[in-house]
Every structure is written in C-alpha cells, then in structure tokens.
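Student: Could you walk me through this structure with some questions and answers?

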Amino acid sequence: MKEKWESPRIKVETFAPNDYVSACWGVACDVTAANQYEMSIGTYDSTNLFHDANNCGQESNQYIQDKNGDGTIDTMTETGTKGLGNLKCTLYTDRTYTTQESYNSVHPGDYIYWTTSAGSRTWHHQGQAVATETAHPNHS
C-alpha cells in the first residue's frame, strides 16, 4: 500500500482548563477565640455554643468559589450549620467586624475575620487561612 506524502506540519494543542484555580487557601474557625469574642460583645449563650470544633471549626466546613469564572474569589460559604443550610460568609479587615474586605486579598497565613447570619443571629468567626494544597503553593 502506497501512502500519500504530506508536507511536515506542526500541531499545537492548547491547554484550556474548565475551571480557573484562583485560590489555594482554606480556613477553620478558631472556636475558642470566636466564642471569647461573642462573650465580649454579650452575644454568647453558654447553654448554646456559638462556635463548635465539629462545625465551623473544621476547615472543610467553609468553602470558597469563583462564581463568575474570572479567576477571583467571589464568595465563601459555611456548610454543616446544624440545620440552618449553607450560610454566606462576609469577610472583614479586622476584629472589629466593621469594614468588609475582598476575598482576593486573603493568602495562606493570613488571620481573617468573617461573619455568618441566619434569622436574627450573627456569628463572628475568625481563623488563620491555610494552604489547601501544600504540594502546589502557587496555585493562585
């Protein structure tokens, strides 16, 4: 069988990810510090813990998303809220919880402050952002 001769060609494949990896951090609530804050502002009820190591205290309980695909973090959501559903997290610049901050300013190692709300209750969380993929620290 004779084959037809073709001119040599270069074919280039372009990698096109279906998800942009925009962040490589996660955060667990420091429940001791958060409960102390709640006590300091008078919202802590000792019979009903505000912050629990098995819920907001788990790094996997909060997740971040790039909802519009532009490579920037748009939201952080808390899950596992003892029947309250998923709660939107609002990030703040410091422990006063007065000035909102962009999630894009957060990097592994930063100590961050955020709130979640359901009904008339608001929880004041805080914790250190940690790298979620230590083998690839420069994902973002």
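Tutor: Happy to, and let's begin with a term: a polar contact is a pair of N or O atoms within 3.5 Å; within protein, one must be able to donate a hydrogen and the other to accept it, and residues adjacent in sequence count only if both atoms are side-chain atoms. This is a predicted model, where local features need pLDDT of at least 70, side-chain atom pairs count only at pLDDT 80 or more, and totals for chains, interfaces and linings use all residues. Residues are numbered from 1 along each chain as its sequence is written, and side-chain values use heavy atoms, with hydrogens and water left out.

Student: With which side chain does the side chain of Ser-117 make a polar contact?
Tutor: Ser-117 sits in strand E5. A contact means heavy atoms within 4.5 Å, and, leaving out residues up to four places away in sequence, Ser-117 touches Leu-87, Thr-122 and Trp-123. The polar contact, at 3.0 Å, is with the side chain of Thr-122.

Student: Is Ser-117 buried or exposed, or something in between?
Tutor: Buried means under 20% relative accessible area, exposed means over 50%, and partly exposed is in between (1.4 Å probe, protein chains only). The relative accessible area of Ser-117 is 38%, so this residue is partly exposed.

Student: In what order do the elements of the protein chain run?
Tutor: Helices (H or I, at least four residues) and strands (E, at least two) are DSSP runs, numbered from the N terminus. The protein chain has one helix and six strands. Read from the N terminus on, the order is β-α-β-β-β-β-β.

Student: Which strands do the buried residues of H1 pack against?
Tutor: Helix H1 covers residues 31–40, and its buried residues are Val-31, Ala-33, Ala-34, Asn-35, Tyr-37 and Glu-38. These buried residues pack against strand E5 (111–118) and strand E6 (121–131).

Student: Which residues does Ile-112 touch, not counting residues up to four places away in sequence?
Tutor: Ile-112 is one of the core residues that touch the most other members. With those sequence neighbours left out, Ile-112 touches Trp-25, Val-27, Leu-91, Val-106, His-125, Gln-126 and Gly-127.

Student: What is the angle between the planes of Tyr-37 and Tyr-97?
Tutor: Rings of Phe, Tyr and Trp (its six-membered ring) pair if their centres lie within 6.5 Å; planes under 30 degrees apart count as stacked, over 60 as edge-to-face and the rest as tilted. By this rule there are four aromatic pairs. The rings of Tyr-37 and Tyr-97 form a tilted pair, 4.9 Å centre to centre, with the planes at 50°.

Student: Why is the pair of Tyr-111 and Tyr-113 edge-to-face?
Tutor: Tyr-111 counts as partly exposed at 35% relative accessibility, whereas Tyr-113 counts as buried at 7%. Their ring centres are 5.5 Å apart, and the pair is edge-to-face because the planes are at 70°.

Student: What share of the residues score at least 70 in pLDDT?
Tutor: The pLDDT is the predictor's confidence in each residue, from 0 to 100. The protein chain averages 80, and the share of residues that score at least 70 is 79%.

Key:
Core = buried A, V, L, I, M, F, W, Y, C linked by side-chain atoms within 4.5 Å.
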